[in-house]
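Dear colleague,

I am passing on the model we spoke about, with notes to read alongside it. Please look through the structure before turning to the text below.

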Amino acid sequence: MSWEKDELVPLRALANPLRIRIVSLLTGASMSATEVARELDIAHASASYHLRQLAEAGFLEQVDEHPPPGGRGRPRRRYRYDLSSGMRLDRSGRRLLHDAMFTDLARRLEQARDQRMSMDAEVWLDRSVWEEVVGLIGQAVAMVHDKARPPRSADSVKVSMTALLLEMGDDR
């Protein structure tokens with residue numbers, strides 16, 4: 001199934017910590033199932049299955065096919081993250097996605113060597129200040145996605161960035 005750019009993509013397709021890792025990995029480079037399996041240390045069949053599920057849900061796009069070495073066999077399918085998919089999420093399964101994100105965040109915190117920045121706040125801001133903050137974080141997220149490199153590229157460092165901006169209800 002192929003999704004049109006204006007259709008919603010099912011949020012529940014990301015409600016799996018492994019799929020979140022795959023999407024994160026494919027932000028920096030297009031990869032085949034073999035490459036994803038090697039990088040994440042999972043079975044090729046598992047990588048292939050999850051890539052197909054993410055592609056069918058509209059999170060990944062197939063970018064090119066390279067003939068295998070020696071020119072024999074089927075071409076390798078390569079996938080990359082479709083950043084526009086984040087703008088087309090449906091509302092179903094939001095709690096499942098958050099649970100998967102929290103699980104993967106725990107994994108990342110366990111693997112972290114250095115913490116460059118941490119911040120938590122539940123405050124009241126002027127609407128204009130809040131909109132400015134949202135815009136700045138949006139720019140940072142776009143920069144991380146635009147500048148992401150393939151795994152283990154020369155002069156690169158493996159990083160993790162999680163951004164969750166919540167506009168709270170008035171609990172008075």
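The model is a predicted one, in which local features need pLDDT of at least 70 and side-chain atom pairs count only at pLDDT 80 or more, while totals for chains, interfaces and linings use all residues. Residues are numbered from 1 along each chain as its sequence is written, and side-chain values use heavy atoms, with hydrogens and water left out.

The protein has 5 helices and 2 strands, taken as DSSP runs (helices H or I of at least four residues, strands E of at least two) and numbered from the N terminus, and their order from that end is α-α-α-β-β-α-α. Of the 172 residues, 27% are buried, that is, under 20% relative accessible area with a 1.4 Å probe and protein chains only. Where contacts (heavy atoms within 4.5 Å) join residues at least 6 apart in sequence, 66% of them link residues at least 24 apart.

Leaving aside residues up to four places away in sequence, L26 touches M31, V36, L51, L60, Y79, R80 and Y81.

In helix α2 (residues 33-40), the buried residues are A33, E35, V36, A37 and L40, and their cover includes α1 (17-28), α3 (44-57) and β2 (76-81). After α2 comes D41, with a positive phi near 55°.

Helix α3, with 14 residues, reaches 20 Å from its first C-alpha to its last, close to the 20 Å expected at 1.5 Å a residue, the expected span being 1.5 Å times one less than the number of residues. Its buried residues are A47, S48, H50, L51, L54, A55 and A57, and G58, which follows α3, has a positive phi near 95°.

On the surface, F102, L164, L166 and M168 form a nonpolar patch with about 400 Å² of accessible area together; patch residues have over 30% relative accessible area and no salt bridge, and nonpolar side chains are joined within 5 Å. A salt bridge here is a side-chain nitrogen of Lys or Arg within 4 Å of a carboxyl oxygen of Asp or Glu, and accessible areas come from the Shrake-Rupley method with a 1.4 Å probe. L166 lies in the segment after α5 (127-147).

Methods:
Buried < 20%, exposed > 50% of the residue type's maximum accessible area, 1.4 Å probe, protein only. Patch = residues over 30% accessible without salt bridge, like charges linked within 9 Å, V, L, I, M, F, W, Y side chains within 5 Å.
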